[in-house]
Amino acid sequence: MLNRLPHRLPRAVAGALLFSLAACLPGQTAKDDAIQKKVDALLRQMTLGEKVEQMEQAAGQPMYTPKEKADALAKNGIGSFLFFTDPERINALQHIAMTESRLHIPILFGYDVIHGFRTIMPVPLAMASSWDPALVERTQSMAAREARAAGVHWAFAPMVDIARDARWGRIMEGAGEDPYLGEQMAAAQVRGFQGKYAGAPDHILVSVKHFAGYGAAEGGRDYDSTNISDEQLQNVYLRPYKAGVDAGAATMMSAYQNLNGVPATGNRWLLTDVLRHEWGFKGFVVSDWESVGSMKTHGFARDEEDAAIRAVQAGVNMEMTGETYRKWIPAAVKSGKIPESEIDALVRPILAIKYRMGLFENPYVDLKKFQQETLSIEERTASRTAAEQTAVLLKNENHLLPLNTNLKSLAVIGPLADSKLDTMGSWAIHGDRRDTVTLVEGLRDSLPQTKIDAAVGVEIERGSATIFDEQVIPEKPTLTAGAAKAEAFAHAVELARNAEATVLVLGEAQTMSGEAASRARLNLPGEQERLLEAVVALGKPVVLVLMTGRPLDITWAQQHVPAILNIWYPGTEGGHAAANLLLGKVNPSGHLPVTWPREAGQEPLYYYQSLPQNPDNTEHRYWDASSAPLYPFGYGLSYADIRMKGMTLDADSVSTDGTVCVRAIVENTSKVAGAQVVQVYTHKRAGSAARPARELKAFQKVWLAPGETKTVALEIPAKELSYWSPVAKKVVLEPGEFDLWAGFDATATEHKSFHLTAGK
Ligand code: BGC
């Protein structure tokens, strides 16, 4: 079904379709007509070679492109560079383009602004744990401001790939497993990065990635093919990308992998029929890194020339590294393999974006502004607040947390306790580890009267090189000899023995998740669990703080450690945020955006499943292990005791053009203020296809003062109950009976039912 249209359309048809792609930008204003005229006028002056140059993006930094070559590319009129972050160098290249290139077209500078630029925010999976789209919008808008001040115009973010397998390293870069939460996070990030419209001042363009389905890599193995049924593609995987487009995304990035047998970068159905024609996308598509040329490796393109031609025909406007366009497209046009009108159609939105960003008039970085906007107090505060709002309290037996601020002594132990680099997480390439506050530092700042002893206990190392090693120099283990390792281990346990309480900071080093960082196991790497066991065996208060980019197998810890706080990778201000959480200055309020498995063999594990045969036995599908999650999707505890006192529906019948109104009554019965995330799930009892037993349809984070009761109103427009039916092969909104639950995670128990009736 994926290939509803042949990939190689007759040339005339292909040309006409592409030619019809408007060159205007999302967030259309009256200015656009004027921009169109300018683009057309400029295009008329451009040679074929100059047009194709605009479709090229080269990687900066000496390790990819030597200075002389980058200068020559700028002079030649290249469309874009990625990876330049030094404002002076950006200005120099821009100056060459503006003064020495024939048509003085400014260069677009792109960068992986994933969770912050210089000030690092929590990783995206953490940000999704906030269940707070406004917070997500705010942090990405701050990241945008900082990046733009340095001369970066364009983020290769947000990554909105649905990920349901914790083995996949890039699960950390997205919003987790759920299409509805994914939509909210996608739209919030687009609004945050781009501001009111694509091209707004102090903001940067987005590239919603990786279109499409990259997160479903088989076996969680990064880059491997994805095979996604039409039903899942339409109802789950495509939705967050569509939300990004609806929010005004200026660009999209085509994915690396084969989607149902066709590489995403050569997939005309995906990039043109769905993206442009069905969804009305008006921006441009950039390929992923060398993903044009790699279509030959896929066994799809005959050679590089064929790959370049097919990427053009599919609708890839710009090639991210690889240079196949430059090498092959001019000749392909000259020999009639591609009409020049097709190239014009692909170049138009690139030029239009440059006009829209004001780069023709104002191409340079203001170095004074750059100084002011970098790592400001405001940004650091935003980073701390974000980390406070995204940590998930997984366990808190007998209210061990928050820790008593009068502690005389505290041991802070583990390989991540004082690691600045790891606190930032993966994809924080421009972050400077020296700016980062670790847990040890954060706790020392907050507890000046307490004797805090810190030790690593064990060291962890990925053991194989990463694709980022040249850009982010990893920290090498210092304990190489067996005796030194044993001594460090014993020393840490001794500190724990002599302290009133111990905080163990365990998890994964930042190199262990992210791109090309998939795992077959989900255990705590190295000897960390042995350290944990040794400290727990002392019988003193122990808190496990997890730093990770994915759910880990912490089944032993759940059974034996009284308190577990997952702070993901919290970013620049992570240590201060964690201290505030551990000491109760801030109450944890994060909830899981992914189902947390007990062990790797359960993956992929997610809540959005239909109820099958033998429904009472879904937790015992394996004879040798549980098939139930360790923590369900949406789960998260608070120091406050917040309960759902009841839930009502305004009506038990709703028409297909109406709205389901849910009122949930929540009460804080404790003496501390805190938050809960009210989540509403529905189930369609019967229809043309089987629907999941539960689907998230609405949520709201709500803060309650001690003793406070609130009624939270949540609305579900009936059209949200529609779905793509694999029987009807289209989106349907079928009347019938629905179940609805409200609660604080995917196991919500407060239940009502309602009837959906045919509207007028
Ligand atoms: C990744 C993209 C990223 C690009 C540029 C690729 O390997 O898949 O997500 O934006 O590199 O760094």
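**Ligand site.** I started with the residues around the ligand: 13 of them, with Asp112, His210, Tyr256, Asp288 and Glu515 coming nearest (a residue is near if one of its heavy atoms lies within 4 Å). I kept in mind that this is a predicted model, where local features need pLDDT of at least 70, side-chain atom pairs count only at pLDDT 80 or more, and totals for chains, interfaces and linings use all residues. Residues are numbered from 1 along each chain as its sequence is written, and side-chain values use heavy atoms, with hydrogens and water left out.

Then I went through polar contacts (pairs of N or O atoms within 3.5 Å; within protein, one must be able to donate a hydrogen and the other to accept it, and residues adjacent in sequence count only if both atoms are side-chain atoms). His210 puts a polar side-chain atom 2.7 Å from a ligand oxygen. For Tyr256, I got 2.6 Å between a side-chain N or O atom and an oxygen of the ligand. Asp288 has a polar side-chain atom 2.6 Å from a ligand oxygen. On its own the ligand has 310 Å² of accessible area, and the protein covers 96% of that (Shrake-Rupley method, 1.4 Å probe; for residues, only the protein chains shown count as cover).

Next I looked up an open, mixed sheet of five strands, ordered 18-26-25-20-21. Strands here are DSSP E runs of at least two residues, helices are H or I runs of at least four, both numbered from the N terminus; two strands pair if DSSP finds at least two bridges between them. His683 has Asp739 in strand 25 as its bridge partner.

**Aromatics.** My search of the whole structure gave 27 aromatic pairs (Phe, Tyr and Trp rings, the six-membered one for Trp, with centres within 6.5 Å; planes under 30 degrees apart are stacked, over 60 edge-to-face, the rest tilted). I picked Phe84 and Phe109: ring centres are 6.2 Å apart and planes at 75 degrees, so this pair is edge-to-face. Phe84 is in the loop between strand 2 (80-82) and helix 5 (87-100), Phe109 in strand 3 (residues 108-111), so the pair links distant parts of the chain, 25 residues apart.

I noted a cis peptide bond between Ala157 and Pro158, omega about 5 degrees. Leu401 to Pro402 is cis as well, with omega near 0 degrees. Ala516 has a positive phi, near 50 degrees, and lies in the loop between strand 14 (501-507) and helix 20 (528-536).
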